[in-house]
Structures are given as structure tokens and as C-alpha cells.
Amino acid sequence: VSSKPLDLSLEELGALPTVSGRYATVQLLVRLGAHSIGSMTVANRALDLRPAELRRTVAERYASALWAELASRSWIAESPPVEAGEGPRISVLVCTRNRAHQLEECLARLVAQRHPSYEVIVVDNAPLDDATRTLAARFGVRYVVEPRPGLDWARNRGLAEALAPIVAYTDDDARPDAGWLVALERGFVSEDIGAVTGFVAPAELETRAQMLFERVYGGMGKGFEVQIFSRRMGRATYRPEVLGVGCNMAYRVAALKEIGGFDPALDVGTPAGGGGDLDALQRVLESGRAILYTPDAIVRHIHRPTMQALRAQLFDNGRAYGSVLCASFLRARGRNRIRVLLRAWRWLVQWHLRRIARRVLGREELPLRLLLAELRGALASPVYYARSRRLARRRAQGDA
Amino acid sequence: MRDPGPVKVVSISLDERLRAVSVDDRYVGVLFVVLSHGTVVGTIRLPGLRTFPADLLRRLVAQRCADALWRLQLARTFEAAARGIDKPAERRAPSVSVVVCTRNRPDQLQLCLESLLALATEPLEILVVDNAPSDDRTREVCEALPVRYVLEPLPGQSRARNRGILETTGELVAFTDDDCVVDPHWLDGLAEPFDDTLLAAVTGYVAPLELETPAQIMFEQHGGFDRGLERQVFDGARVSPVRVAGRVGAGANMILRRSALSRAGLFAEDLGPGTRARAADETDLFYRLLAEGGRVAFDPSRLVWHRHRRDLPALRRIVFEYGVAVTAFALRSLARYREPAALRVLVWWWAVHLRRQLAAILLRRPGRMPFRVFLAELGGSLAGPWELYRSRRSRRGIAPLELPAAAAAPVPRITVSPGAPPLSVVIPSHDRRERLVEVLDALARQTYPADRFEAVVVLDACSDGSAEHVRALSLPYRLQLVEHDARNAATTRNRAVREAGNPIVVMLDDDVVPDADALAAHAEAHRLALDRHAALGYCPPFLEGRSPWELSLRAWWEDHYRRRGEHGHRWTFSDFASANASLARDTLLAHPYDEEFPTRREDWELGLRLLEAGVRFAPCPGARALHYLDTTFPTALEHRRADGRADALFAEKHPHARSRLPVASFLWSVDDDWLHERTRLAALDPERYERRVHAQLPMLDVFARARLRGQWRKRAGRLQRAMYVLGLVEALGSAEKVNMFAAAIFDSVETLHVSLDRPTSTGVADSPGAVELDIAAAGAVVGRVTALDPGTQWEWEVVTERVVAGLGDDIRTALVSEALRSPLEAEPPDDLPPLLELREGLRT
């Protein structure tokens, strides 16, 4: 059973485009001006989608948020426009590898951003052919090659190439919204904000794997409230997964350089299988800077379409998160080491074992194969991370 | 303990445009206190950023405070739409004296006094009571500022507060502490709440002034002074005074009515800081105010900023003191006021509160208190009884301060104009010899010249020698004494009116003792307005006792008079009470009392006919007469039965007004099954039914004596309703007829329409019947609420709350849905509907 994700802009609320009958439901991302309000699923029946009824449904569901939004419009004047300086204000970095067909759509969205002053850099990671270079040339965006395989190598390469004081990262399988960069840049409200992350919505929900990932596993969205994370108040926490996702994050270049960029021992292309984004966000937080999450910066992401690919991804998620915890453990000192261990313990019990137990009792929808794949990745993650570190050291030496 | 670092406290007001907030780098967090129309609508705790731009603040406030803001806005809009938008009449604001008790904290006192001197509503006086100081610094601070200084050498905050009350003269006494800073609007708009004559105190919101140290942050995290964000009125006639006394407010922010203090007494001098019992002096006072049947309102728009203790030892001390105070207060209430509910407070404290704290510590839950702080609290709780004993012993032989016997408040005298009409005072009486003589004596003391009025006393079947007693009096005015044997209040009044010789008739009762210028006020009312109108005086109820029955009776009458004087009040027949009303004699002759109503409802029935004949009602607050209520509960049960009979007759005589009669409200809201069962039993064997009701009276008495007010109220209400049903059955004849009668009434239930889209200047009428309110928003009716419960009177505050709680979500949905219909523009249009416009004035 598939679903069609659509944007629902309340500014010009007319009838929705006709949606093919093979979709049982429509997943609406409700937006008001530059703000995203919420996400709701409605049945794909012509009757329900008449404007009047749609309006009523939306109003019922989001009465509180919408009233607050409408009533608060006059509280302030519009925020002042940012003055243009030398060069671009924000650099967008897309790291890719041999997926020109995916990248094309992504670049099309990136060159159409509403932002007045930005550059796009495609970082081609150990490419096997010229397709990406040709594509970049066609869109007229900057192109650099990072020969060492590994997403974090590519991210660091992009960081070195960026001209702007802010870098925004996205993936080749992501579809940024036209207002994405504007919203991300607006998130840097104060100089002590090191990173801004945004909302990730599904680009398509065609297959069972995609539905499972979005609806059951939890997808990549982090809710519809602005949040500020900081280490300054309260204790150290080790839950980087609440901070954001790699396909929708932006950093202050200074902040990222201060923490030494991304950890090349992590993420895709290494035995760790991922986690470079979470690790960098976690380290930004540890460096004393704050992270702001804004639901207004929207990226749509194409989830893995097949069950096989989903299983591989969950395995990767397991070892990636475990590797991030390993990295945190090695970095932490004193009591914080115990906190990392506690976090790891809770993750194992509350995330993995509990869901497996629920599955056995029939109260969990995610197939056991997937759950076990993630658990396998999790349990093996220290080994993977150790191998990953060795590999990263070797590649770094090769570089020198 | 780890230092969490200081948190900056910032207040942001939505009544002006939001501005960016900059926060110093040393703060690890920010606590935003969000205000709208001067009311706290929420607090937002965030990690510290150097800058919070206006746009982010707007977003955060909209996220976190949306629901509180919505309720506030809806309540305001509803009141405007339902009661009319014209401004309420200018009221005479009561005079306020501010009292600050202090001890050796001149620096903080200085800040406090500066904030008091900047109050928007200037108080009558500001008094500093210096409590057993060890040096002269406080005196020096006070001498430099325009405030009064008084020294109280005996230590104890309660003693100092009492000294402050004795030294000041304002009708209200506002207390704050020396470690507080008050909001400039702290004392604004006190006239309206204190219009409620039963309101004894107003308390307000206490926010942290700073959160610089771990101790301050911990104090705030463990509840601080948090009392919620909703305006609440605690009514001593309805709640258990012991159990709510600790929740109604804080001593750092309270405004007391002096006359309530003269009834309830001053602060207990063996409680409070500076005594061994350490605290709870205000809790005990709140208890007594409530137990007297008074009301205490918590109003989050009265804001005081409190500087919590900075160091951890001080925090431990406070927690220890708190433990002592709770135990001491509960034990003292148990021993002294014989309040069984105090046991529940103790049980709650030990079995719930302390256990929870301990569990949080043992399970290492977030937000737990440090173990040493918990130990301090436990220690305090254990030490409570001993400390209370020590405290009482230390006060032995020291006479507590007392308010001098209340000198009669100086009321503006009503001058008698030469053109004032001559009056006839008619007094029907039945076997109330002493009271009647008192009434006649009071008439002899009138400022109105004795040759301008006469008194007509009609004795109805008196067997106590009233006639001889009255004849024995020598009175300065002309007195006509008539005796007859009608045993009917309506007939007696009609007879008296016929005997009256003067053009204006003032109706009194044999238990209504007028003040010296009551007649002058009546005469003046009729001199100024020559048209046919009824001037309705004010009869404050006078009751000796404090039983639940007496408290509820007093509350009913006080509410009745307050409601009549409210802004935008629409007059209905139920406002007409014969006692202390004056009308033209011709009007009364043309519209006599209906003699078919022998004891009850005769005045409402007349009121209905008068209103329909175009007679205007007008309040005449200057005509004040003390109403001696001696109705016991068993008598009241008989009254309810007579009410039932009279209401059935009333509805039969005035079928067009049926749905507005109290019987409609009664039938509308009682449970159908209950009603069927009662009517069946009452019709089957009325005598047995009555016996069964009366058999429960002794138990009711036990509840009253044991001060189990909730139980008493529940059962008393049930008995009264049962007797009312008996009256209905007696009047209508059978159970089936009662059911048919009820069905007929349901068909004609009155519905009032209130539109929230465009406030009108008139508003809707209040009404004593089974009224339903239809609420329309965004052009369509959203829903309906029932406005009244049986036996209660129209209360705007209750109606508003019902609309907000019952329909708030639906109204908001309708409104948002409507707003989405039109294309939304970037800039909001100029004529937003009132529910979307949070502030007036900002746009202009």
C-alpha cells in the first residue's frame, strides 16, 4: 500500500492535484508561508480532498499551531534583510558517488533555491566515470573530486573548498525545498549557534520498504517545533540522533573547522557504515556551541525502495550509531564515559531488545529480519569502528 | 554539587512589539516569563544564546504559550461580546496601603521600595515595618524615601504584619516582602474584584527575580511559588479551607481586605518567620478568611518578582522551615480549629509528598532534590510539633495585637433635598416581636425628617404580643398599626399598601433593619427619577454562625446583590425582592401582590408583572439595611417545598415566561432517572417521603459539627432538591403531571445567541431560567453551553469558563478554518476579527 507525499501550502489552498488511484493515502506536509506546521495523512478520495473539507481537516488538526501562527503575525515586523557582502553567503555541498541519475534531480532543486547569494559544490567521491562531472558542468555548479573513498573525506574536501562562512550539506538522493537555504541561514540567529538542522520528509512512499521506514521505523523527521540544543545548561547528553540528519544540516565553517571537520573514520564508504553527521553534530555541541533545529528547512529524501536495501540500511544504522557511541566513549573523560556507556546500554535495551520483544509478542510491525539486522550491526559496531579507524589512519598517511 | 551556572530571567510582553533579547555570555540559560495584558501566560526555559532575535522569540512563544494565550483571548472576546463592549462604569477604587515587613536587609529593601514608588496605581501609603532590627540601616533607607517607617521590636513576621495593619488605614492592605520587586501594574484594577463583598484577599504570581546561583535554580525547579497560570477563586463556602489554604497564594504577593480581617482576626503571632514555627502565618490567615466564608482569588496578572535565597545553606534552611510550617499549621488547625481535614494534609505530606521526594532520590529521577535538602525537609517535618509547642510557649504572656473594634466606616451622608417625596414605610410582621421593635427603633433614627414619613405595621396573626410592644413605643414618626389574620405574606403586604397614605411606599420586613439614611436614599431616588421605577436597596445578610448552611446562605445573598450592581446587568424579575424596595403607591395598587402566593415567590411574581408593565428597576446601593437571616436548615427545607409549590403555580400563571423560571433551570439540569424516582416516591406516600428526608437531618448535623463541609454540601443539596420535588408533586398532583410539565418546559428552553465576530454594544441578557448559550464564531454557530446550575445564580465568570473549557477548541478550529478561506497575505490586514487580534492599540 503506497502513499503520495504532497506539499499543502495554506497560502493558496485550492484543490489538490489529482492523485493516481493506486495511492491509498496522501501524506500532506502542511505549510504556512515559510513555516511548516505539521504532517498529516488523509485518505485519497476525491470527496475528502475538496478545499472546504481539506481546510476543515487541517484546521481541526492544527488549530493550536495555526491560531498561534496567525495571531502572532503582527507581533514583530518582518526580519530585516541581510546585507550582501563579498562572495556567497552560503555554500551547498553535495557529496556523491556514481549516482548521476539521482544527482540530477537534486541539482535541479539546488540551482532553483530562493536564496540570493549561494554557491553549489558537487564533491565527487572516488568516481568511476565522468558522468557526474558532465552533469555538474551542465548545471554550471562547482565540481571537485575527492579521490579517497568515504563520505566524510568528501565532506571535509567540500569544507576546504567552500567560499562562504556557512556550509550546508545534503545528499544526492535528497530533494531540497525551494526555501531550504533561506530557512537554514535564518537558523543562525546568534553567533554561538554552530549548526542548524532541518526537517526531512519522504520524497516518495511507493514501496513497502519506504512505508516501513517512514511510518514504522520513524523516518528522519524531528518534529515541528523549533528546538535549541546546547551543552551549557544541564548535563552532557549522548543522543546525537535528536539533533539532525546528514542530508539536511548546515554548519558555521569556523565551528566545523574548530572541531577538525568530519571524522574520516565514520560514515558511508568506511566499515563504520555511517554516523559522520551525528558525530559532527555531537562534537559541535561538545565544543560549547548550540544547535538549532528548525522544521522550516525542508528536504525530501528518497528512502531505500527495496526491502533488501532497507535491511542493509538498518544494518548500517546499527553499526553507525554504535560507532558514534564508540567515538564518543574514546573522546569522553571521567563521568562522561559512564554516561556514554549508560546511553549505549539504554540504546541496546530500549531500542533494540524492547522492539524485538514487542515483535515476538506481535506488537511491532517491523519484520524481525530488519530488527535483527540492526541489532547485528549494533553489536558488531566496536569491531567495525576499530577497523574503520585503522583504515582512516592508513588513508590519511597515504594522503601525507 | 555541580554548579549548573546562572540562568537569566527575562520578561517579554506581547503588548508591545517583540525585540531581540541579548544575553550575557556568562548565563548558561534563559528563563523567559511571557506576559500578555499584564498576565503571565507561560514561562520558557532555554539554553543561553547570545542573541534571541524577535522572529525566534515569536516562534517559541507561539509554540509554547499558544493555548494559554488562546484561552485568555477567548475569555476576553467572549466577555466583550456577551456583556457589551462599552467600558464599565468608573468605580471608586478602594484605598490601598502597602506594608513591607523587613529585618536587616536594607539593600534589598531599597530596590523593593523603589519599585513600590513606581507603581502605576499610587497607593494611599507605603509603610515599612522594621522588625527587631540590629542596626539603624533600615531606618536610614526609609528616611531617604517618601515612605513611612515603624519599628516593631518584638520579633516575628506575623507580629510585624499585624503592626502594619494597625498602623495603616487603607480599605485594602497589600503585602509584599523586602526581597521582592513589584510589577508597576501590581495594584491596578482592584475595584472590580473587590466589588465582590465576600472577596477577602487577592493573591498573585510570584516569579523569580534572578536565577544566579544553584540554590535559586533548585528552589525554582522544586516548585518555587508556582501556583499555575489560571485565575482561580477559592470560595470558603465551597472548598475545604485547610486543604486549599496552602495553595491559594504566597505572602510575598497578597492584598487583604481590612474588613475581612476584623472578622477573621489578624495574623497568628505564634506562626511565621521569626518564631519557632518559622512560617505558615499567611497560610493560617488564608485558612481563617476562607473558614469565615470569604473568598480568595489567585490572579496571575498581579506580578511580583522574588529574589530566592542565594546560598545553599539558606535553601536547606527554607526547606527545613517549610517542613516545620506544614506540620505546625496542620497540627495547630487540628487542635485549635478542630479541623479533621488537617489530618488529610498531614497524611498527604507524609505519605505522598515526602515519599515521592524520597522515591525520586532513590531512583535518581531527573529533577530530584539533593539528599541533604530532603533530609532538611524531613527534619523540619519531624521537628514541627516540638517547634510549634516552643513557639506557643514563647508567646505566653504576650498579648497579640488586635484590631480595635471596627469603627463604623464613614459613609457619605445622603443629603435630603427639599423636593423629596413623603414616604410610607410598610412592614408586615409575623411573630418577630424583638426584631420588629428594632426595625421601628431604626426608623426613629433616620436622617430623613420624621414628619416626612409614616410607618404602616401590619401584624399578621401575631400571638407573641407584638401589638402591645409596638404600642408601648414612643416614636417620633406617625405609626399605623393594623392587625389581621390572613396568614399570608402577600395579603398582608397588600393590606399595608392600601393603608399607606403617602405617594411613595418603602417596603421593609420585620427582619430588615435600615441604616440611618436608608429612607433618605429611597426618597432621593424617587425625587431624581419621577417615572415609575422600583428602587432596590442593598440588604447585606447578617448571620451569627459559621456553619456550612449559614455560609452558603450568606454567599447566595451577597452574590445576588453584587450581580445586580454589575456592569451591563439586565434586570429580571428575580432581582426584585420586597425587602428594602420602594415604589410609587399607585403602581403597587395597580399591581398588587398575588395572594395565591402565600409565602414564597410572591416578590418574583410581582417583579415579573412589574417589568412587563414597563416599570424600571434601579439599584439603590445607598439604601442599606441589615438583613437578619434566622433561617435554619430545617426551615429552609420547608421553604424549598413551598418553592416547588409556588414555582409550579408561577409557571402555570405565566406560561410565556415558563422557560425563564427557576423551575426550568432545575428540571433542565437534574438527572432524569433521579427525578422520576423522586416524583414516584413523593406521589406514592408524601408523608413517608418527608419523614425520610427529615430522618437525614441528624446526620447532616454531624457532618456540620465535624466540619466535613463537602459531605454536608452534597447531602444538603440532595435534601433540598428532594423537598423541591415534593412541592412540585403536591402542586401538580401526580408524578405524570410533573413529567409532562418538564417536557413542556424543555420545548421552550430559552437560548441566547452570542456572536464572537463582531462585539456588540449591548451584550446579551442574563436570566435565571434554563438558559443555553449558542456561541457563534466565524459566521456559524459553533456550539452551545448550559449557563446555570440549579440553585445557583448567573455568574459571568462561570459562564466564561464554561465557554472557554467546553467550546474553546471548536471555536478555534472554526476560526482557523475561516481564516484559511481567504488568501493569507504576508502582512495581516487591518481589520482582523477580534479573536485573531491579540492586542489593541499596537497597530495605531
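Which handedness does the β-α-β unit made by strand 5, helix 4 and strand 6 of chain A have? The unit is right-handed. Please keep in mind that this is a predicted model.

**The β-α-β unit of chain A**
- Strand 5 of chain A covers residues 118-125, and strand 6 of chain A covers residues 142-146.
- These two strands run parallel and are joined by five bridges.
- One residue pairing to look up is I121(A), whose bridge partner in strand 6 of chain A is R142(A).

- You will find H35(A) in strand 3 of chain A, a strand made of residues 35-43.
- Is H35(A) buried or exposed? Its relative accessible area is 11%, and because burial means under 20%, H35(A) counts as buried.
- The side chains of H35(A) and D296(A) make a polar contact at 2.8 Å.
- Leaving out residues up to four places away in sequence, H35(A) touches V30(A), E69(A) and D296(A) in chain A, together with R58(B) and R59(B) in chain B.

**Aromatic rings**
- How many aromatic pairs does a search of the whole structure find? Over all chains, there are 30.
- Among them is the edge-to-face pair of F573(B) and W604(B), with 6.1 Å from centre to centre and 65° between the planes.
- This pair links distant parts of the chain, since its two members are 31 residues apart.
- F573(B) belongs to the loop between helix 17 (548-565) and strand 22 (581-584) of chain B, while W604(B) belongs to helix 19 (residues 602-612) of chain B.
- Both F573(B) and W604(B) are buried.
- Elsewhere, one aromatic cluster is formed by Y538(B), W556(B), W557(B) and Y561(B).

**Arginines over rings**
- In chain A, R155(A) places its charged end over the ring of F262(A), 5.2 Å from the ring's centre.
- In chain B, R26(B) lies over the face of Y27(B), and here the distance to the ring centre is 4.5 Å.

**Positive phi angles**
- N98(A) is not a glycine, yet its phi is positive, at about 55°.
- N98(A) sits in the loop between strand 4 (90-96) and helix 3 (100-111) of chain A, and it is partly exposed, with a relative accessible area of 30%.
- R278(B), also not a glycine, has a positive phi of about 70°.
- The loop that holds R278(B) lies between helix 8 (258-264) and helix 9 (281-291) of chain B.

- L675(B) is part of helix 22 of chain B, residues 672-684, and is buried at a relative accessible area of 3%.
- Beyond its neighbours within four places in sequence, L675(B) is in contact with F666(B), L667(B), V670(B) and V725(B).
- P6(B) is 669 residues from L675(B) along the chain, and 62 Å separates their C-alpha atoms.
- T786(B) lies in strand 26 of chain B, residues 780-786, and is partly exposed, with a relative accessible area of 28%.
- Which residues does T786(B) contact, leaving aside neighbours within four places in sequence? They are W668(B), V771(B), E772(B) and R802(B).

Technical notes
Residues are numbered from 1 along each chain as its sequence is written. Chains are lettered from A and ligands numbered from 1 in the order in which they are written. This is a predicted model: local features need pLDDT of at least 70, side-chain atom pairs count only at pLDDT 80 or more; totals for chains, interfaces and linings use all residues. Side-chain values use heavy atoms; hydrogens and water are left out. Two strands pair if DSSP finds at least two bridges between them. Helices (H or I, at least four residues) and strands (E, at least two) are DSSP runs, numbered from the N terminus. A crossover is right-handed if, with the strands pointing away from the viewer, the path from the first strand over the helix to the second runs clockwise. Buried means under 20% relative accessible area, exposed over 50%, partly exposed in between (1.4 Å probe, protein chains only). A polar contact is a pair of N or O atoms within 3.5 Å; within protein, one must be able to donate a hydrogen and the other to accept it, and residues adjacent in sequence count only if both atoms are side-chain atoms. Contact means heavy atoms within 4.5 Å. Rings of Phe, Tyr and Trp (its six-membered ring) pair if their centres lie within 6.5 Å; planes under 30 degrees apart count as stacked, over 60 as edge-to-face and the rest as tilted. A charge sits over a ring if NZ of Lys or CZ of Arg is within 6 Å of the ring centre and within 35 degrees of the ring normal.
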